[in-house]
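Take a moment to look over the fold before reading on.

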Amino acid sequence: MFQSTEEFPILVAQSGPLNGERFAINASLVIGREDTCDIVIPSRQVSRVHARLTQTAIGIELEDIDSKNGTHCNGKLINSPVLLQDGDIIQIALAQQFLYLSSDATMPLESEPLEMLQVNPNYLRMETRSRRVWIGSEEVLPPLSVSQFSLLELLYNHQGRVVERKKLIENVWGEEDAIGVSEQALDALIRRLRDRLAAVNPTHSYIITVRGHGLRLDNPSD
């Protein structure tokens, strides 16, 4: 029986030499530099046979195959197979980033009306599931890091309102690890995020510091 590819989990290449390509996971897939791999990444940073995606009874597992430069899931180096969750970010060495989606049917729709972009090219919008960010009609590329996106997402969901620094730290690093995170680490992350947004639109300051309170997102919409 024919089965639509929309029923399969997929990988969406977000940056690197495969940027924009999509791969249905309808069998075990091997990722690497070798031409015989199912997903070939033409980069010397990638091992000939680098990582493997395997279907299991409970979902898709990601496994590093003793690669030289490592495989990361959501910014963490993996040393044993991990079960992927919808929206996970996979990084193959420093060469290629993928977004994992549980099926093609979960690909996000660009819900913001084009009229908004035409009225104000400074308007910032986010797509949470694909972890993509636009300013006007220009996408922020390469994609934001996991921590940068988490910080911006929290501000985006509280547009116009001040978010306390403590809540920002807990959202990015998690409540358990937040105690050991310094103010300097948060400041460095904020600075890097501001630089990324300024690279697309240097005329508008999106992240506003409210001294003694926290941060708020200034997102022009008129």
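This is a predicted model: local features need pLDDT of at least 70, side-chain atom pairs count only at pLDDT 80 or more; totals for chains, interfaces and linings use all residues.

Strand β1 (residues 10–15) and strand β11 run antiparallel, joined by 5 bridges. Strands here are DSSP runs of E with at least two residues, helices are runs of H or I with at least four, and both are numbered from the N terminus. Two strands count as paired if DSSP finds at least two bridges between them.

Residues are numbered from 1 along each chain as its sequence is written, and side-chain values use heavy atoms, with hydrogens and water left out.

Strand β11 has another partner. Strand β10 (residues 89–92) pairs with β11 over 4 bridges, in the antiparallel sense. Here isoleucine 89 stands opposite leucine 99. The hairpin of β10 and β11 has 3 residues between the strands. In that hairpin, alanine 93 takes a positive phi near 50 degrees.

Is β11 (residues 96–101) mostly covered or open? It is mostly covered: 6 of its 6 residues are buried. Buried means under 20% relative accessible area, with a 1.4 Å probe and protein chains only. Both faces of β11 are covered. Gln96, Phe98 and Tyr100 lie on one side, and Gln97, Leu99 and Leu101 on the other.

Now turn to a helix. Helix α2 (residues 146–156) has 8 buried residues out of 11, so it is largely enclosed by the rest of the structure. Among the buried ones are Phe149, Leu151, Leu152 and Tyr156.

Step back to the whole chain. It has 5 helices and 17 strands. Of its 222 residues, 44% are buried. Contacts (heavy atoms within 4.5 Å) also tell of the fold. Among those between residues at least 6 apart in sequence, 44% join residues at least 24 apart.

How confident is the predictor? The score is pLDDT, given for each residue from 0 to 100. Its mean over the chain is 84, and 87% of the residues reach 70 or more.

Note on methods:
Buried means under 20% relative accessible area, exposed over 50%, partly exposed in between (1.4 Å probe, protein chains only). pLDDT is the predictor's confidence in each residue, from 0 to 100.
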